[in-house]
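This briefing covers a chain interface, a helix pair, the domains and some backbone details. Please look over the sequence and the structure first.

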Amino acid sequence: MLINLLGLVLIALIVWWFWLYKPNKTIVQNREVLIEVKDGVYSPSSIQVSASQPVTLKFMRKDQSPCAETILIPSLDISEQLKLNEITQITLLNLSPGEHEFHCQMQMYRGVLKVI
Amino acid sequence: MNNIKPDHQLIIEGAGCASCVGKIEGALKGTNGVVSAEMNFADRTVQVTGTVKTEELIKAVESIGYNAKPIDDSSEIDTLDEKEAADWKYYKKLIRDTFIALSLGVPLMIYGIVVGEMTVETNLERMSWLVVGILTFGVMYFSGKHFYVGAWKSFKNHSANMDTLIALGTGTAWIYSIAFVLAPDAVPLMARHVYFEATAMIIGLINLGLALELKARGKTSEAIKRLIGLQTKTATVVRDSKEVQIGIEQVLLNDVVKVKPGGKIPVDGIVLEGHTSIDESMLTGEPMPVEKAKEDEVVAGTLNKSGMILFRATRVGKDTALAQIINMVKRAQNSKPPIGRLADVISAYFVPVVMIISILSALAWLNFGPEPAIAFAIVSATTVLIIACPCALGLATPMSVMVGVGKAAEAGVLIRNGEALQTASKITSMILDKTGTITEGTPKVTNIVLAKATDEKEVLQLAASLESGSEHPLAQAIVESALDQDIELLKIESFNAITGFGVEATCNNKTLLFGNDKLMKIKGIDLTGFVGKAQSLAKEAKTPMYFAVNGELAAIIAVADPIKSDSISSIKRLQTNGIRVIMLTGDNKDTAAAVAKKAGISEFFAEVLPEDKANKVKELQDSGETVGMTGDGINDAPALALADVGFAIGTGTDVAIESADITLMRGSLHGLADAIAVSKATLRNIKQNLFGAFVYNVAGIPFAAGILYPFFGILLSPVIAGAAMAFSSLTVVSNANRLRLFKAKEH
């Protein structure tokens with residue numbers, strides 16, 4: 001009985017942690033943000049920018065795995081190859097308010113750009 | 001000379017004399033933070049060291065009246081080499097990790113098979129397994145560290161990925177095993193089965209799978225590598241009457257570039273001197289070399305076969321056709337067709353769902369399973385985690401698109417994005433514009449039938465003078481015909497082009513009118529006796545046009561535009577593939593009918609005004625057809641944009657055709673059939689991949705959970721699951737690589 005309860009609690013935690021929890025957003029202050037691409041995650045992965053200003057996303061890829069190689073922002077029709085151990089810049093102009101997901105080809109690396 | 005790389009390298013524009021050097025160096029040295037500035041006048045570059053922003057250096061140069069731009073010294077070729085070196089290093093690491101893990105995993109597995117149960121009953125067994133457990137931990141640290149670090153970082157980031165599944169699966173097996181090695185009494189005797197071999201084998205197999213996938217992935221980008229490889233690293237330019245060998249990134253607009261026979265064209269340009277034949281097959285797919293002489297265009301990446309040429313650079317750096325093609329192919333390779341969207345949605349939820357299924361599976365075994373229930377629960381939970389493969393699902397679409405778009409580029413077909421690729425595979429009707437698409441687009445005057453006029457030369461002189469103001473291809477044919485006969489063109493006044501009808505103007509106080517029968521009717525010109533003559537010319541696939549002077553018909557001038565040599569066979573190829581081919585032209589019905597018949601097309605729309613082309617596309621779409629429209633990309637832009645897939649026939653290597661979804665770089669319509677064939681093959685490949693990935697996960701997970709056990713007593717081993725996971729994504733990449741062997745057949 002106890003083990004079943006434990007299992008259900010674990011499932012509830014998974015649902016909460018991976019789907020319901022809204023992580024804090026990194027607010028871009030000076031029009032650019034450095035995003036580290038390493039160990040399966042973008043850091044930061046949740047970014048908030050203002051619609052009124054252009055923003056430069058600077059991706060620093062430190063992961064050798066080919067999964068980390070490509071960054072896609074499908075809603076903005078952007079795809080870029082990220083060079084290993086170098087910064088790849090993507091400058092976004094005239095963003096309209098809304099959420100733009102960015103991810104690798106396989107969607108294992110995931111992030112979101114919120115424009116307000 | 002020292003070997004210190006300068007902090008900034010700039011190329012200076014507008015420096016025409018040696019005295020500029022001192023001024024430019026002085027301005028740069030006067031900028032805060034600059035330690036040294038040395039200019040090489042021969043190649044117009046300046047090397048600057050110091051702590052200063054590039055923008056400030058550019059400003060300093062601009063302030064004294066020159067232009068400067070930074071040199072990006074990492075060419076695409078260098079970047080590619082770096083990437084290959086990095087991939088090779090990573091491959092070696094993965095193979096090393098595989099070797100370490102399998103060195104422990106394989107003997108353990110053999111021991112399990114040969115000796116039997118891997119249980120902990122005696123103290124000796126306990127001690128032995130403790131040593132094995134520590135060794136396995138070593139394998140986890142040395143060969144699998146990246147999985148655990150990735151899983152932990154993802155977890156902190158509220159996301160989960162393949163690392164999460166591997167880390168949880170192998171971690172659970174190891175923790176369970178080591179727990180009862182340390183405290184054997186915690187679980188019943190029959191449940192004391194160690195799974196160290198599973199942990200080591202899974203880590204080894206998945207690393208091996210990643211290594212093989214990395215190798216296979218390299219092959220998927222062969223097409224882009226080949227395109228990048230077409231670029232040269234250096235160019236010979238003539239500056240101040242001297243030949244200088246410079247880096248390709250230093251070539252400036254209007255530089256005079258010299259290319260010897262056998263050399264590659266470094267940038268785009270216009271030939272100034274020399275005559276040669278150039279092999280453009282690497283870009284256009286057209287196997288025959290193209291003759292080039294003064295005023296002809298040459299394109300970067302193509303091969304100069306016979307003569308030495310000097311040409312003026314018209315497009316350099318990222319503006320060359322080749323650079324644009326590379327950019328376009330790269331972008332298209334990374335875009336996803338709509339068919340991949342479901343897989344994307346599933347991928348986003350996949351890992352947490354698998355974690356939940358794993359827990360439910362363990363609970364089911366604990367509640368309803370036979371003894372030792374805990375051992376069964378651990379095996380099933382671990383196997384579920386390990387067998388699920390989000391990567392296969394995520395890779396299914398992009399890998400095929402990558403190969404398919406690259407394959408198309410090799411055939412001279414540029415596909416704008418994944419959506420165009422997918423829609424092209426579903427085309428049911430193809431509209432072909434006549435002039436320049438089915439025909440050569442270079443019409444020639446074939447007949448002059450005199451009416452009121454008496455002198456053919458005078459007719460041609462007046463008609464050519466009038467048409468010199470028009471850009472219509474038929475008008476150009478008349479002008480060229482006059483020039484070929486050394487007829488001098490006269491000055492015309494009050495020129496007026498009446499779109500879809502013709503042109504009018506005055507010349508030497510004569511009112512001139514040139515165009516189709518409709519124009520003549522509007523203007524009240526009497527055509528009695530000549531309509532029949534015009535019709536019989538039209539039936540010979542010629543375009544008859546009426547020429548009136550001072551309100552009276554002077555002559556009929558007929559122009560013919562020959563059908564391209566391979567139009568008939570390529571149209572037949574489309575029709576054989578079940579595509580309804582329709583011709584569209586502004587020409588009269590008789591000419592259209594004659595051309596259509598020659599080309600083997602039974603349906604055509606004639607006398608279509610340019611603005612009505614889009615309406616014809618819409619009409620077909622409304623009748624339920626998926627419509628492809630093929631045109632020259634300039635006059636047909638609205639129709640191309642409205643069609644489900646717009647195909648632009650490029651003139652040579654002009655890729656700046658924004659309105660087209662697919663650009664054919666050679667004039668042949670076989671490119672069209674190739675594009676459709678490649679898109680169909682790619683879509684088929686994507687479907688195979690998606691089907692495989694879905695079926696693998698949907699069937700694999702219940703097997704792993706033990707659904708077969710109640711009926712057949714079979715429970716999947718975590719090692720088998722590890723092998724299946726490792727090789728499922730390899731299968732997807734390998735299947736995508738099969739597309740490389742695809743060959744479009746020209747019948």
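In this predicted model, 37 residues of chain B are in contact with 29 residues of chain A, where contact means C-beta atoms, placed from the backbone, within 7 Å. Local features need pLDDT of at least 70 and side-chain atom pairs count only at pLDDT 80 or more, while totals for chains, interfaces and linings use all residues. Residues are numbered from 1 along each chain as its sequence is written, and chains are lettered from A and ligands numbered from 1 in the order in which they are written.

**Interface with chain A**

- Elements giving two or more residues to the side of chain B that touches chain A include helix 3 (76-115), helix 7 (196-220) and helix 11 (341-368) of chain B; helices (H or I, at least four residues) and strands (E, at least two) are DSSP runs, numbered from the N terminus.
- Helix 11 of chain B gives the most to this side, with eleven residues.
- By class, the side of chain B that touches chain A has 18 nonpolar, twelve polar and seven charged residues; Ala, Val, Leu, Ile, Met, Phe, Trp, Tyr, Cys and Pro count as nonpolar, Asp, Glu, Lys and Arg as charged, and the others, Gly among them, as polar.

**Helix pair in chain B**

- Helix 19 (residues 531-539) and helix 21 (residues 589-599) of chain B pack at an angle of about 20°, with their axes 7 Å apart; axes are lines fitted to C-alpha atoms, for helices over the stretch in contact, and angles run from 0 to 180 degrees between N-to-C directions.
- Helix 19 of chain B is therefore roughly parallel to helix 21 of chain B, a term for angles under 35 degrees.
- B:Gln535, B:Ala538 and B:Lys539 in helix 19 of chain B meet B:Asp590, B:Thr591 and B:Ala594 in helix 21 of chain B.
- This contact of helix 19 with helix 21 of chain B has two nonpolar, two polar and two charged residues.

**Domains of chain B**

- The domain assignment of chain B, which is automatic or from a database, includes domain 2 (79-223) and domain 3 (252-315).
- The C-alpha centres of domain 2 and domain 3 of chain B lie 56 Å apart.

**Backbone details**

- A cis peptide bond joins A:Ser43 and A:Pro44, with omega about -5°.
- A cis peptide bond also joins B:Glu371 and B:Pro372, with omega about -5°.
- B:Asn508 is not a glycine, yet has a positive phi of about 50°.
- B:Asn508 lies in the loop between strand 18 (502-507) and strand 19 (510-515) of chain B.

How values were computed
Angles under 35 degrees count as roughly parallel, over 145 as roughly antiparallel, 65 to 115 as roughly perpendicular and the rest as oblique. Two residues are in contact if their C-beta atoms, placed from the backbone, lie within 7 Å.
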